[in-house]
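The following exercises concern one protein model and are to be worked with its coordinates at hand. Each task is followed by a solution in steps.

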Amino acid sequence: MDMTMKLGTEKPVVIFSKTNCGISHAISTLIRGFGANPTVHELDELPNGREIEKALMALGCNPSVPAIFIGKEFVGGSNEIMSLNIRGMLRPLLINANAIWI
């Protein structure tokens, strides 16, 4: 869990994903659309990906990907990101995390 939190908080936006997950790709594309450059960790390409996946599930991610950290905080999965976007709260969150500038 400690390593997962460390990876999740090392950049303004971190996405845990799998290479074959279309929803993860869509969330990454949405965030990039605001001008952010998220760090993406593909769990199926990491030697310790299974351990990270278990830690993400312990945080409440079910399914485990995508899991998104913004501004050193765990935000959640695709439902939370889409909800933030629909309510107009994703852009301010990215600004506050210094992931994008106005």
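**Exercise 1: Contacts of two residues**

Task: State which residues E42 touches, not counting residues up to four places away in sequence.

Solution. Under the contact criterion (heavy atoms within 4.5 Å), E42 touches S17, K18 and T19 once residues up to four places away in sequence are set aside. The model is predicted: local features need pLDDT of at least 70 and side-chain atom pairs pLDDT 80 or more, whereas totals for chains, interfaces and linings use all residues. Residues are numbered from 1 along each chain as its sequence is written, and side-chain values use heavy atoms, with hydrogens and water left out. Next, E42 is placed in strand 2; helices (H or I, at least four residues) and strands (E, at least two) are DSSP runs numbered from the N terminus. Finally, E42 and G77 are 35 residues apart in sequence, and their C-alpha atoms are 15 Å apart in space.

Task: Decide whether S28 is buried or exposed, and list its contacts beyond four places in sequence.

Solution. S28 belongs to helix 2. Its relative accessibility is 9%, so S28 counts as buried (under 20% relative accessible area is buried, over 50% exposed, in between partly exposed, with a 1.4 Å probe and protein chains only). Leaving aside neighbours within four places in sequence, S28 is in contact with I15, P38 and V40.

**Exercise 2: The sheet**

Task: Give the strand order of the open sheet and the sense of its pairing.

Solution. Four strands form the open sheet in the order 2-1-3-4, with mixed pairing; two strands pair if DSSP finds at least two bridges between them. Strand 2 (39-42) and strand 4 are the edge strands, each pairing on one side only. On average, neighbouring strands are turned by 25° against each other, direction ignored. Strand 1 (residues 13-17) and strand 3 (residues 67-70) pair in the antiparallel sense over four bridges, and I15 has I68 in strand 3 as its bridge partner. Helix 2 (residues 22-33) lies across strand 1, strand 2 and strand 3, at about 165° to strand 1. For such angles, axes are lines fitted to C-alpha atoms, for helices over the stretch in contact, and values run from 0 to 180 degrees between N-to-C directions.

**Exercise 3: Backbone geometry**

Task: Describe the backbone and the accessibility of K72.

Solution. K72 is not a glycine, yet its phi is positive, about 70°. K72 lies in the loop between strand 3 and strand 4 and is exposed, with a relative accessible area of 52%.

**Exercise 4: The largest pocket**

Task: Determine which helix gives the largest share of the lining of the largest pocket.

Solution. A pocket is an open set of points on a 1 Å grid over the protein atoms alone where a 1.4 Å probe fits, with protein on both sides within 12 Å along at least five of seven lines; lining residues have an atom within 4 Å of a point. The largest pocket has a volume of about 200 Å³. Of its 14 lining residues, N62, P63, G77, S78 and E80 are the closest to its centre. Strand 4 (73-76) and helix 4 (78-86) each supply at least two lining residues, and helix 4 gives the largest share, three residues.

Technical notes: Points joined across faces, edges and corners; volume = space filled by probe spheres on them.
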